[in-house]
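I opened this entry to look up a few places in the fold. My notes follow the structure.

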Amino acid sequence: MASSSITQKPSSSSSSSAPSPKLNFDVFLSFRGEDTRYGFTDHLFVSLEGKGIHTFRDDKLERGEEIGQELLGTIEGSRFSIIVFSERYADSKWCLEELTKIMECRKERGQTVLPVFYHVDPSDVRKQTGSFGKGFAKHEKTVDEEKVERWRAAMTEATNLGGWHVVKDKGYESKPIKEIIDFILKRLKPKFLHVEEHMVGMKFLLENLKSMLQIHLGQVYVMGICGISGIGKTTIAKMLYNDIFCQFDGSCFLEDVKNRFKSHNDRLQLLQELLRGIQKDANLELNSIVDGVNMIKDRLNSRKFLVVVDDVDHQDQVQLLIKSCTWFAPGSRIIVTTKDKRLINMHQLEASTEVNVLLYEASALCEEESIELFSWHAFRKNVPEEDYMNLSKCMVNYARGHPLALKVLGSSLCGKTIDEWKSELDKLKIFPKKEVNDLFRLSFDGLDYFEKEVFLDIACFFRGADKNFMLSILDSCNLYATGVLPVLHDRCLITIRNKTVQMHDLIQQMGWNVVREKDPRDPSKWSRLWDPNDIHNAFAAKKMRNIDTISLDLSRSKEMRFTSEVFSKMKNMFAKMKNLRLLKVYYNGHHSLTRKKDKICLPVDFEFPPNLRYLHWEGLEFLPSNLQGQNLVALNLNSSNIKELWEGDKDLPNLKFLDLSDSQELMKIPKFSMMQNLERLNLQGCTSFYKLNSSISSFRFLKELNFSWSGIKELPKSIGCLESLETLILKGCSKFKKFPEVHRNMKCLKTLDLSITPIKELPNNIGC
């Protein structure tokens, strides 16, 4: 009696479109009843069940001609199939149909097939000679030729897998039975990982991820699952692992790597855990990290493995555990969960052409899924109680689809009264839930000084801003923002959508909380201010010398706390804010009527801080003449009553952005020679502005001019000297009748908008 090696390599041509059925059985037994039912197959079945291996055996003594759909589904729902080839196996059409279905599941679903040649010569099975040849000869008389050929092909393919040869009267049959059980147990040993009972929105996601991994293909795939803290990366990886691990020769889930990588012993333990998963040897011990790496290198290329490396935050962790993807055998899959997309991108650069690197970014739940998840934890059912419906929607809106936040909120509110819910909601507006905030805080604490500063500027000032606009300002503050922003993006702390910088509400709230930690009850000690009430209280304290940024939305102030008179009283405090870099006083977009009616009149001697990089103040009656603008990068005075920006000349060497839009009284702006680095000029809606100074030719870097719906009548010929100009907008300028003859080709011009103007023709040398 001898046993040969088992080779399980699914064909790369198989389809990946078939859905994975529910796995109801560990093993499906295919056998010829009258040959082995009461002997070998029965002993095998009892031994399998005795080891806790859930096995299906068809005990029907009489079978029809056609195999039933229920039985086909059982084959599909099994992890392993054992085919007991006995002397009269080929006599049964039923057995041959089972065999064909089993080999189909091997190709399409990665099922492991284990042949047993019981008292028959494997060569007879492979070539269909002897008793197997007689069986097929009989079928050829009554069954169509195409079906018989399918049966033959399936039998040959199964025989080529190798298996166990049980020779009559040559040794104990218990030996191959034990070997079969050991083989299966080693592959069943990685038990299903624990996942919470009530998961929402996972079914479609899992199918999508499995489709991306293309498990039927023979190449090595690395998948990075990225996203913010608490978004469900580990849960997704566990569910994916549970769904596919049985299709591999070995598997290992290394959980919480970041926190298990701090010492030499920690790293040795991780390598040991990985090798135990590969070797199926619970007693394996390593003496050193070098031995572990060498052993992994030697063992990985022999079989198809699934390895999940969960929650990594440094390249060293990836390098140690999956140092080279080329070490893995074809068909292996590596899944990495991380908050830092750079780790996956770095791995992609190192991957060979034989390795496919995929990136999936976990996203927030939709509203319907959010309500279901929240309700499950708050009410233990899928929908909220009717009396709590509106409050539940408020809580869901606060969480913004963040799974952990929804679970924590729901659990904390379970069984509480409506008044308690209202109190909690009011508290959340200022103080985030500790369990959620602490997760995000870990990501923040891992940043360096400049990364933290840029992050806080975004959270407290620039959320929703144009990316390039923001970078120009923050780079001028010596924060190296151009290099920092990709770090924040790759660590999933921000997103870039439509060229604007965005941030999840809960991450922004964590940033606010970081600023408040300086002194929660005294905003005058904070570095950044954004809430009208806190700003009012800080000014009342008259000690705001450490403030870096102020973003004041006047439309959010419940009372008229910020009138011209109030700002007049604040003038001395503004002058003393030596650290103030960013100042924005505005009305949000839904309060345009209020903005037009309520203008702010600052004192003539009002002083702005000297280090301002960005000044945005809407609705001013005029701009104080003593503005020191040497450091200004952006000046936004839209919706003002300003007629002339200022008298005389001011040197603004760093100014790149000037926005005077909707300043309907504006008639004149300073000489452009004093702001030679200007890149964007916005005079949209300046209905009193009708003529542009010819000194505009000094703008070597100007990229965008917007005169839409203004009173402009003509442009100077020197407009043609703007060699960097990319966008020129004159839409709705009803008084603009003729485009000037220019003496140079405006070669960079990409957009020229003359819609709703009297212009009928253009000079030939307009280069757009």
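I start with a term: a polar contact is a pair of N or O atoms within 3.5 Å, and within protein one must be able to donate a hydrogen and the other to accept it. The model I am reading is predicted.

**Asp311.** I looked up Asp311 and found this residue in strand β9, which covers residues 305-312. Is Asp311 buried or exposed? Its relative accessible area is 16%. Buried means under 20%, so Asp311 counts as buried. I then checked its side chain, which makes a polar contact of 3.5 Å with the side chain of Lys339. I set aside neighbours within four places in sequence and listed the contacts of Asp311: Asp256, Val257, Lys258, Gln317, Thr337 and Lys339.

**Leu114.** Next I went to strand β5, residues 112-118, which holds Leu114. Leu114 has 0% relative accessibility, so this residue is buried. I also checked Leu114 against Ile82, 32 residues away along the chain. Their C-alpha atoms are 4.7 Å apart.

**Helix α15.** I turned to α15, residues 367-379, a helix of 13 residues. From first C-alpha to last I get 17 Å, close to the expected 18 Å. Which residues of α15 are buried? I noted Ser370, Ile371, Leu373, Phe374, Ser375, His377, Ala378 and Phe379. What do these buried residues pack against? I found α16 (389-399), α17 (403-413) and α18 (418-428). Last, I looked just past the end of α15, where Arg380 has a positive phi of about 60°.

Key:
Residues numbered from 1 in each chain as written. Predicted model: local features only at pLDDT ≥ 70, side-chain atom pairs only at ≥ 80, totals over all residues. Heavy atoms only, no water. Helix = DSSP H or I, 4+ residues; strand = E, 2+ residues; numbered from the N terminus. Expected span 1.5 Å × (residues − 1). Buried < 20%, exposed > 50% of the residue type's maximum accessible area, 1.4 Å probe, protein only. Contact = heavy atoms within 4.5 Å.
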